[in-house]
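Have a look at the fold below and keep it open while you read. We will go through it in questions and answers.

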Amino acid sequence: MAPTVEIAIPNTTLSNTSPPYTVYHITLRLPLRSFTVPKRYSDFSTFHSTLISQTNVPPPAPLPSKTWFSKTVSNERLCEDRRRGLEAYLRAINESDDGRWRTSPAWRAFLNLPTAVASTGNGSTTTSTRLHTAITDPAATNASLTDPTLWLDYYRDMKNHLHDARLQLSRRDQETTPQKQHESSSQAKGSLVRAGTMITTLDDGLKHLGRGDKISEAQTSSSLGGGEIRRRKDLLINARKEKDGLEDLLHAMATKSRLDHTVASIQDKGALMNAGNAAGDASSGRRTPARAGRVLGKETERTRELDNDGVLQLQRQIMQSQDDNVDELRKIIIRQRELGTQINEELEVQNDLLRLADEESDMFVYIYALSSRFPLDLICFTNEVSRLKSKMDIARKRIEKIS
């Protein structure tokens, strides 16, 4: 019997812990998906002991023995030999005609396999194979989807198609070339078509699950309670709403693209006609004013979504904003001029004060010279003091006037 899971250990890495250890990356390929499970040698040893305790029979291949005097971290050859031995150990269990090890809980837990992925050991079709058949041959799914576990796996695959469609639509909205937009739209449409077919199949399978129909003598559908049936119906309702919303979005994008293409064609045609008319008028000696209009290809992000009235309103707003900025600039210039005038007046006052202080210092020097030269001439000294006092009064009045 062909195995339902392809197992390999293609490479190993070192962990980031201290001390490091070797990590064996187990690659598992199922009919619908592939994933990797990282394990260390101690995990294999624990799995081996658990597997023997659950089946009471050793696996068909021995587990590579542990070495005490050398480590795989520092010995590449030993690491490669152990990798090959562990790969052969897993493949022997997976490809064995006796399926007792593959049906054990230890095998599924070690490889993170779903409960449905298990070989029956007698050649019957597994759930993974039936799921693959259900997806590749939708006409034969009425009987297959009566398995509750298969129904959930089929539903998850349908959700993946919806997710892919949403990603393609988002990518289409970001593309700039028509060719890439068309490719994204085609891929999104294909995913939505597949999702719609799968939703119909899931709905039919849920009806069979509700009636509890039998599949065959070897496969019977598990009975589901009313609450679980209602929950799955709600899942289908939400999935159908999501699909319809994505289809509406795809149609809206396609309509917008066609409208933009039509508008661009009309504008290009109008430009060509205007150019032809201008050439004819030039040849006949007549000059006609050029038609004013919006030029294709020179739109900005602010004007692309506006009509002519909206563009006019936007232009008025921009002009008003520019006028306001000019007024603010005028006020700033006037304020700067006033500050300059005040600074000039302050400098003049300071110069006057300095001049008065200079005159007063000269006067004191002169008085001192007179008093030392004519100590007995009190009349002259009194006159000079009076003159100095009058000048001091004048300076004081000026200072009070300034302050």
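What follows is a friendly set of questions about this predicted model, with the reasoning behind each answer.

Q: How many helices and strands does the protein chain have, and how do they run from the N terminus on?
A: The protein chain has 10 helices and 3 strands. The elements run β-β-β-α-α-α-α-α-α-α-α-α-α from the N terminus.

Q: What share of the protein chain counts as buried?
A: Of its 403 residues, 28% count as buried; the cut-off for that word is under 20% relative accessible area. The protein chain exposes about 27000 Å², and carbon and sulfur atoms supply 54% of that area.

Q: How do you know which contacts in the protein chain join residues at least 24 apart?
A: Take the contacts between residues at least 6 apart in sequence: 57% of them join residues at least 24 apart. A contact here means heavy atoms within 4.5 Å.

Q: What makes β1 and β3 the edge strands of the sheet?
A: The sheet is open, with 3 strands in the order β1-β2-β3 and antiparallel pairing. β1 and β3 each pair on one side only, and they are the edge strands. Neighbouring strands of this sheet are turned by 25 degrees against each other on average, direction ignored.

Q: Why are β1 and β2 said to pair, and in which sense?
A: Two strands pair if there are at least two bridges between them. β1 and β2 have 7 bridges, in the antiparallel sense, so they meet the cut-off of at least two. On this side of the sheet, L14 stands opposite T22 in β2.

Q: How many bridges link β2 and β3?
A: These two strands pair over 6 bridges, again in the antiparallel sense.

Q: Why is β2 called largely enclosed by the rest of the structure?
A: Of the 8 residues of β2, 6 are buried, so the strand is largely enclosed by the rest of the structure.

Q: Which residues of α1 are buried, and what puts them on the same side?
A: The buried ones are Y41, F44, F47, H48, L51 and T55. They cover an arc of only 110 degrees around the axis, which puts them on the same side of α1.

Q: Against what do the buried residues of α1 pack?
A: Their partners are β1, β2, β3, α2 and α3. The helix α1 itself lies across β1, β2 and β3, running at about 60 degrees to β2. Helix α2 lies across β1 and β2, and runs at about 155 degrees to β1.

Q: What makes the phi of N56 worth a look, and is N56 buried or exposed?
A: Phi of N56 is near 60 degrees, a positive value in a residue other than glycine. N56 follows α1 and lies in the loop between α1 and α2. Its relative accessible area is 65%; the cut-off for exposed is over 50%, so N56 is exposed.

Q: Why is E87 called buried?
A: E87, found in helix α2, has a relative accessible area of 14%. That is under 20%, so E87 is buried. Not counting residues up to four places away in sequence, E87 touches A8 and I9.

Q: Why does M392 count as partly exposed?
A: M392 has 25% relative accessibility. Buried needs under 20% and exposed needs over 50%, so M392 falls in between and counts as partly exposed. M392 lies in helix α10, residues 378–402. The C-alpha atoms of M392 and A357 are separated by 9.7 Å, and the two residues are 35 residues apart along the chain.

Definitions and conventions:
Residues are numbered from 1 along each chain as its sequence is written. This is a predicted model: local features need pLDDT of at least 70, side-chain atom pairs count only at pLDDT 80 or more; totals for chains, interfaces and linings use all residues. Side-chain values use heavy atoms; hydrogens and water are left out. Helices (H or I, at least four residues) and strands (E, at least two) are DSSP runs, numbered from the N terminus. Buried means under 20% relative accessible area, exposed over 50%, partly exposed in between (1.4 Å probe, protein chains only). Accessible areas come from the Shrake-Rupley method with a 1.4 Å probe; for residues, only the protein chains shown count as cover. The arc is that of the directions from the helix axis to the C-beta atoms. Axes are lines fitted to C-alpha atoms, for helices over the stretch in contact, and angles run from 0 to 180 degrees between N-to-C directions.
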